[in-house]
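Here is a short briefing to read alongside the model. Take a look at the sequence and structure first, then follow the points below.

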Amino acid sequence: MRVHMINSKREVARSLKPLIKMDLATIEDLLEVPPRPEMGDLAFPCFTLSPTWKRPPAAIAADLARRLADKRGDFWERAVAAGPYLNFFLDPQALGRETLAAIFKEKGRYGGATTSNGRRIVIDYSSPNIAKPFGIGHLRSTVIGHALSLIYSALGYHCIEVNHLGDWGTQFGKIITAFKLWGDEKRLQADPVNYLFHLYVQFHRQAERDPSLEDEARLWFQQLEQGNPEAEEYWHKFRGLSLENYQRLYRLLGIKFDYFHGESHYNRYLEETLALVKEKGIAVESEGALLVDLDKHGLPPCLLQKKDGATLYITRDIAAAIYRYRRFKFDRALYVVGAEQKLHFKQLFKIMELLGFDWADRLIHIPFGLIRFKGGRMSTRAGKIVLLEEVLEKSIGLARAIIEEKNPGLAEKDRVAQAIGLGAVRFGDLSNDRIKDIEFDWDQVMDFAGETAPYVQYSHARICSILRKASPPEAEKIGELSGLLQQEEEATLLMLLGLLPERVVQAAQAYRPSLIARYLLEVAREFNRFYHNCPVLDSEPALRAARLLLIDGTRQVLANGLGLLGIEAPEEM
RNA sequence: GCGCCUGUAGCUCAGGGGAUAGAGCAGCGGCCUUCUAAGCCGUUAGUCGGGGGUUCAAAUCCUCCCAGGCGCGCCA
């Protein structure tokens, strides 16, 4: 909760530098935040100086405090020794002034930066498998990838969003086989994705008893690869119908991809890819198949072509990487794909390196944990899956019901319910560290209290409600008014607001949108404390004006932060 | 068998070398003639999976063990 701004950290480090023999970066790195506000805002631990100064840390802290006794900086006003720590108290007025000025100047862009202008980053995310339903499991890649795209864009990157549709592979053989055996055109047209899913499940159920079905499926996929017109026709139909369904979901989620280059898109480059691999001499034939031996690099061998001539997932990934580099000349390429494919990407990246591409180190896998049921894992094959559409519908429905109960007079109920319902689902995913598995729990998804998007949105709506009842905040008076915000709740909130830019950078560097989500919860929590303890409209004019500036700044931070996560911030709810 | 990831309050999770380990949910008790109670305040609750080690300092780093998850040439 105790926070500070990048600027103040730098400035404290600058003040310390003449007193201790360390460079600025090292000092900044050592500076930490005391556990409790009354101890100060920034702390320099003196342990590290102890060996060279040959004195106990506490004595060093006391000495430093003495030497800084009559000094102060632009952002800090005093430094005191507390045991082995030298604690700095920041100047809340200077900090607050600076923060508010930045927010009102940058408005919707506050939190972002332009330092990375023009750098290109390809983000491969969502990438559902055609003929499989869009399950809650695919939500993770979708919302994490989308958030990363928004975050990097805010930092000035040019993001190229690619949906690497799983529109090729043996599952098409399975679907074709199943459709030829049991297919019903009417049911397909009525509800394509669910029906294809039904067939997919049925196929696996039957194949357990009759393994020849697997051979049949393999044969159909082979036909497809060889351009058999009947197979191609099925493929076209299944792909088109599925894509329409996905597009509906993406529209609902407000996601727009630059390219739907699925796996099939790279078929035309496979020959060239295989030729390159052979030319570089990194592949060997084994039992009629083509594989890359990665033993020297501590990795299992990697199959590129089956003995029946069919290519594999990774072969298309190699072709895709080459294609993307040629076309986009990216500075970085992200693959937002589940952690279960870690090995796959290790192999892929190593192969790109072995092929001699000097940009191989720009390829980055962004793994995430899978979503589990309370009982066990979800299995597409067994039909044990929660459909994303169902989750979204229920969540929106609940939001709608709550509105009906608490704010029946609200305009645009449907639009607001959608923003809240979608936000809740998104935030529920994004607020968790992406690397960890998530337990899917209906009760938790359907709870809009506590650490949720609705909580953050509600805080935002409350602010808007106050602002509607007052004349517009006067940004030009920040200099004279910000000094009035001295109450503990005000000071803490103001400090928090100053932290957004730092958090956005951290979230980008670590590829962790959860840092922003957690931050927003802190801001919302602190705002609610303020809300309950500090009246805005009923305060005397100057304080009222100052508080209006504070809450408007808070509103902007909440809206911007939610925006970076792909979540809307309604003005009323 | 080998490799990677995870183990923190009853539950779901933050924190990932530093000062008394934090939230939310659930439970209990308060707060709506006052800016939206999707809120706020109080309270109960923890051998940070276990052992050993490194360090002035370990939930955090190393190592071993235990538990769970994921992966390991003809799926994607």
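By class, the surface near RNA strand B holds 36 nonpolar, 18 polar and 20 charged residues. Here, Ala, Val, Leu, Ile, Met, Phe, Trp, Tyr, Cys and Pro count as nonpolar, Asp, Glu, Lys and Arg as charged, and the others, Gly among them, as polar. Please keep in mind that this is a predicted model, in which local features need pLDDT of at least 70, side-chain atom pairs count only at pLDDT 80 or more, and totals for chains, interfaces and linings use all residues. Residues are numbered from 1 along each chain as its sequence is written, while chains are lettered from A and ligands numbered from 1 in the order in which they are written.

**Around the RNA**
- Gly-169, Lys-306, Asp-433, Gly-450 and Ser-465 come nearest among the 74 residues around RNA strand B (near: C-beta atom, placed from the backbone, within 6 Å).
- With seven residues, helix 18 (453-468) gives the most to this surface (helices: DSSP runs of H or I, at least four residues; strands: runs of E, at least two; both numbered from the N terminus).

**Domains**
- Chain A is assigned domain 1 (6-90), domain 2 (125-373) and domain 3 (400-564), with bounds from an automatic or database domain assignment.
- The centres of domain 1 and domain 2, taken over C-alpha atoms, are 53 Å apart.

- An open, parallel sheet is formed by four strands in the order 5-4-9-10 (pairing: at least two DSSP bridges between two strands).
- Strand 5 (158-162) and strand 10 (363-366) are the edge strands, each pairing on one side only.
- Strand 9 (332-336) and strand 10 pair in the parallel sense over four bridges, and Tyr-335 has His-365 in strand 10 as its bridge partner.
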